[in-house]
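Work through the exercises below with the coordinates open. Each task is followed by a solution in steps.

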Amino acid sequence: MLDLLQKLCEQNGVSGREDAVRDLIISEITGHCEYSVDPLGNIIAFKKGKNRPSKRVMVDAHMDEVGLIITAVTEEGFLKFRTVGGINTEILLFRRVTVNGLSGVIGGKPIHLLDDADRKKLPKAESLYIDIGAASKEEALALVSPGDTAVLDGAFTAIGDKIRSKALDDRIGCAILIRLLQQEAAYDFHAVFSVQEEIGLRGAKAAAFTVAPDAAVVLEATTAADLAGVEPENRVCRLGAGPAVSFMDKATVYDRAFYEAALAGGIPCQPKMAVAGGNNAGAVHLTRGGIRTLAISVPCRYIHSPSCVCSINDIENAQKLARFMLERIASGALS
């Protein structure tokens, strides 16, 4: 699993530019299922199982990651940008980035040129730029164009029983879903590797309309705040306690029977102790006449940064829980 996850994280796939991730996933699932790619770029797969399901189930994981999109090039050869997805400004300044295979650094006004008031506050993202070493606008435009995307560099590294990397949100979900497709299935199911989750849950909405499932399981990463100085009741979920199962977030109130079954299944997991954020379930559960949904999320510290940190045990238990719930729902055991 870790080798597969590393390969996925090392691909760059900002929302709307998921091509490299999609190509890798296709190479991994070919021969294990039927699949097609829809006009938005979603991979929609069908896995034949040993039994026909009582309920048509869709399992979703999104391919895209947060990043930057180039909007203009200055006369001096610097690249202006906007964020794609939710990235806090404090993680941008002086970070290394990759754009079109080129290495760059995010720059801003030097601290010794800031007045006292500006030194006490974060710079606005609009004031920052990417420096790729170009000496002029013409030189930069020969390498980069407006509309090109950039990612924050973050190497995949093992740290004891944890891993650190960019894009663990949601290449973890993609890795789990690939493994479900590669293994023998108890019941037929549909798998969706969706695009553009980070900018508004767009790909999954279209894919769910196409699949028309009775139920959906969304595989995600979610914020863990088990950090120094954070009160226990505000930690949302913690690394090492298993995947987080949501009862509600800002986009979805989750199916109660699915939520309770996941927590009672005997696989290490934890409730997500916050009504915050959202994921593809927010779009999926409102598709057609309504779709019962469950979210299984791997706790992730420093999410949407180049240094996301997750527990290997949590990832393994998320895969077990996803298989367990897929079989429980597809069998019709959950009314």
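**Exercise 1. Which residues are linked with E65 in a network of salt bridges?**

Step 1. Apply the criterion: a salt bridge is a side-chain nitrogen of Lys or Arg within 4 Å of a carboxyl oxygen of Asp or Glu.
Step 2. The network of salt bridges links E65 with K166 and R171.
Step 3. Run the search over the whole structure; 12 salt bridges are found.

The model is predicted, so local features need pLDDT of at least 70 and side-chain atom pairs count only at pLDDT 80 or more, while totals for chains, interfaces and linings use all residues. Residues are numbered from 1 along each chain as its sequence is written, and side-chain values use heavy atoms, with hydrogens and water left out.

**Exercise 2. Locate the salt bridge of K50 in the chain and classify the accessibility of both partners.**

Step 1. The partner of K50 is E184, and the closest N and O atoms are 3.6 Å apart.
Step 2. K50 is in the loop between strand 2 (43-47) and strand 3 (57-62), and E184 is in the loop between helix 5 (168-182) and strand 12 (189-194). The pair is 134 residues apart and links distant parts of the chain.
Step 3. For accessibility, buried means under 20% relative accessible area, exposed over 50%, and partly exposed in between (1.4 Å probe, protein chains only). K50 and E184 are both exposed.

**Exercise 3. Describe how helix 7 and helix 9 pack.**

Step 1. Helix 7 and helix 9 (residues 312-331) pack at about 130°, and their axes are 10 Å apart.
Step 2. Classify the angle: under 35 degrees is roughly parallel, over 145 roughly antiparallel, 65 to 115 roughly perpendicular, and the rest oblique. Helix 7 and helix 9 are therefore oblique to each other.
Step 3. List the contact (heavy atoms within 4.5 Å). Helix 7 contributes F258, A261 and A262, and helix 9 contributes L321, F324, M325 and I329.
Step 4. Sort these residues, counting Ala, Val, Leu, Ile, Met, Phe, Trp, Tyr, Cys and Pro as nonpolar, Asp, Glu, Lys and Arg as charged, and the others, Gly among them, as polar. The contact has seven nonpolar residues, no polar and no charged.

**Exercise 4. Is S246 buried or exposed, and which residues does S246 touch?**

Step 1. S246 is in the loop between strand 14 (244-245) and helix 7.
Step 2. S246 has a relative accessible area of 1%, so S246 is buried.
Step 3. Not counting residues up to four places away in sequence, S246 touches Y254, Y259, K272 and A295.

Definitions and conventions:
Helix = DSSP H or I, 4+ residues; strand = E, 2+ residues; numbered from the N terminus. Axes fitted to C-alpha atoms, helices over the stretch in contact; angles between N-to-C directions.
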